[in-house]
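Let's take a friendly walk through a protein model together. Keep the picture open beside the text, and look up each residue as we come to it.

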Amino acid sequence: MASSLDFTSMVSLVLLVTLAIFANSACSTSRGVLDHQKLNDIGFRVTLQHVDSGKNLTKFERIQHGIRRGEHRLQRLNAMVLDASTDASQISSPILAGNGEFLMKLSIGTPPEAYSAIIDTGSDLIWTQCKPCTKCYSQPTPIFDPKTSSSFSKLPCSSELCKALPQPTCKDGCEYYYSYGDYSSTQGILASETFTFGDVSVPNVGFGCGDENEGDGFTQAAGLVGLGRGQLSLVSQLKEPKFSYCLTSIEETQTGSLLMGSLASLNSTKTVVKTTPLIKNPSQPSFYYLSLEGITVGETKLSIDKSTFALQDDGSGGLIIDSGTTITYLEESAFDLVKKEFKDQINLPLDRSGATGLDLCFILPKGADEVKVPKLIFHFDGADLDLPGENYMIGDSSSGELCLAMGSSNGMSIFGNIQQQNLLVHHDLEKQTLSFVPTQCDQL
C-alpha cells in the first residue's frame, strides 16, 4: 500500500512550520461588545498564515527552524511533567511550554488596540506586555497601556482566575510569575479587559498585564494566548466547549483558520469524521492527550507494545496533540520501529549526512518529481487516521532529498502540526472528544 507524493505540493509543506494569525471577522454584525452566550451563537474566525512568509528560506531551512523550536518545546513539556511529579514545595516557579508556532492578531481595551500574540494549545494564561515596563523585550506592535483603556480593571486575589494561577502572590492586586524554561518569563498583574476578534468584542477576559518580561521566544509577538484546557485559557473563559483549527499545506499567501463559537461545528455530510476520546492527565490538566494504540506503515502493523503510549500513574508518558510543535515525536522504541519499516519499504539509498536535521532521509533519483511512499496510519482509540503522503514525508527534488517528518522522544510523545495539515481538528470539551476531518483548509 503506497501513497504518491507530488513534489510540487510538497514545496509548500514546510510552510506549516509556523503560522501567523490575522484577525478576520466571521460575521456581518457591526462592532459591539457581546456576552459569552451571544458569542456562542455568533462565533468568530481568525485566519492562519506562516510567520516566515517574508523570509528568504529554503524548504529545509524552514523545517530546520521548526525542528529546533520543537525540540526545545519537547524538552520543556517533559520538564513540566517531571516537575508535576515532584514535591510541590520544592518547585520555586512553574515551568511552562513557552513559545508556540502560531501568531494571532486581536485587539484589547476600549478603545481597542491591536497587537499580535502567540497562541499555545499547551498552556492557559493569556498575557501581553504592559506599560509602564520595568523590563520588556522589543515587540512589533505598541506596548499596551492600561491607562488609556476605560474597560481595564485589576482582578482581586479573591477572584477564581487568581486562584487558578500557579503560585500567585497578593500585593497590588493578584500578581503572577511564569517561567518558560528557556530563560523566557513574564511577570505582572492579573487583570480584566475587553478583547476584540475582528468585529466581535468580548468583555471581562482575564489576562496577565506583564511589566517584567524577557526572552527571545516572544519577540515576534506582544504576548501569548493560551488555548489549553485550564481555567485561565481563552477557550475556558469564553465558556465555549467547541473550537477547531485547520492548517494549510499550500503556498504562504493562502490561509487556514481558527474557529470559535458556533463556527466550530462539524459538517459530517461531506466526508468521514474520525473521532477519538480526549484523555485527562490530572498532573497536566491543560494538555490535550489522545490514546494512540498502534501504527501501520504500508501493510505492516508494527509490533509496538500497548503500554508504549500509555499515560502513566505519575503523569508521565502519553501522547498529546499540539499545534505548537512542528513534527511528530514518538517514544524512542516506537520511533525505531517506524524508522526501520520505512527503511525496509522505500527502495532508495539513505542520506546519512544529517544536513536536514531529520532522523531518516533518502536520496532521490535525479529528475524525480514523484515517488511512491508507504501508507502511514495512526490507530487512535476509535479512529484510524490514514495520513496523505505530504503529511509525513518531506521531499525536495531540487535538493534531491526525501525525509520522514518525525523524530524520537523519551517520555511524552507529541502529534505535531505537519501531521495535522489539511485536517479540521475539532475539539469538543463537552463530549471530551477530538475529531479529524479531511479539509481543504484554505477553502474553509
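**Cysteines, rings and loops**

C170 is exposed, with a relative accessible area of 54%. Here, buried means under 20% relative accessible area, exposed means over 50%, and partly exposed is in between, using a 1.4 Å probe and protein chains only. Before we go on, please note that this is a predicted model, in which local features need pLDDT of at least 70 and side-chain atom pairs count only at pLDDT 80 or more, while totals for chains, interfaces and linings use all residues. Residues are numbered from 1 along each chain as its sequence is written, and side-chain values use heavy atoms, with hydrogens and water left out.

What does C170 form with C157? The two make a disulfide, with their sulfur atoms 2.0 Å apart; a disulfide is a pair of cysteine sulfur atoms within 2.5 Å. The torsion about this S-S bond is about 110°, so the disulfide of C157 and C170 is right-handed. C157 sits in the loop between strand 8 (153-154) and helix 4 (160-164), while C170 belongs to strand 9 (residues 169-171), so the pair ties together parts that are 13 residues apart in sequence. C157 counts as partly exposed, at 24% relative accessibility.

Now find C162 and C174, which are joined by a disulfide with an S to S distance of 2.1 Å. Their S-S torsion is about 90°, so this disulfide is right-handed. Since C162 lies in helix 4 and C174 in strand 10 (residues 173-179), the pair ties together parts that are twelve residues apart in sequence. Are these two cysteines buried or exposed? C162 is buried, and so is C174.

Another disulfide joins C133 to C136, S to S 1.8 Å. With -70° about the S-S bond, the link of C133 and C136 is left-handed. C133 is partly exposed at 30% relative accessibility, and C136 is partly exposed too, with a relative accessible area of 26%. How many disulfides does a search of the whole structure find? The search finds six. If you number the bonded cysteines of the protein chain in sequence order, the pairing reads 1-8, 2-3, 4-6, 5-7, 9-12, 10-11.

Let's stay in this part of the chain for a moment and look at D172, in the loop between strand 9 and strand 10. D172 is partly exposed, with a relative accessible area of 45%. Which residues does D172 contact, leaving aside its neighbours within four places in sequence? They are K154 and I189, where contact means heavy atoms within 4.5 Å. The side chains of D172 and K154 are also joined by a polar contact of 2.6 Å. A polar contact is a pair of N or O atoms within 3.5 Å; within protein, one must be able to donate a hydrogen and the other to accept it, and residues adjacent in sequence count only if both atoms are side-chain atoms. The C-alpha atoms of D172 and L155 are separated by 9.8 Å, and these residues are 17 apart along the chain.

At 4% relative accessibility, N281 counts as buried. Its side chain reaches the backbone oxygen of G315 at 3.0 Å. Not counting residues up to four places away in sequence, N281 touches Y289, L311 and G315.

Finally, let's turn to the aromatic rings. Rings of Phe, Tyr and Trp (its six-membered ring) pair if their centres lie within 6.5 Å; planes under 30 degrees apart count as stacked, over 60 as edge-to-face and the rest as tilted. By this rule the structure has 13 aromatic pairs. One of them is the edge-to-face pair of F380 and F415, 5.6 Å centre to centre with 90° between the planes. F380 lies in strand 24 (residues 376-380) and F415 in strand 29 (residues 413-415), so the pair ties together parts that are 35 residues apart in sequence. Both F380 and F415 are buried. F380 also forms a stacked pair with F436, 5.8 Å centre to centre and with 25° between the planes. Elsewhere, ring pairs link F144, F152, F195 and F207 into a cluster.

How values were computed: Helices (H or I, at least four residues) and strands (E, at least two) are DSSP runs, numbered from the N terminus.
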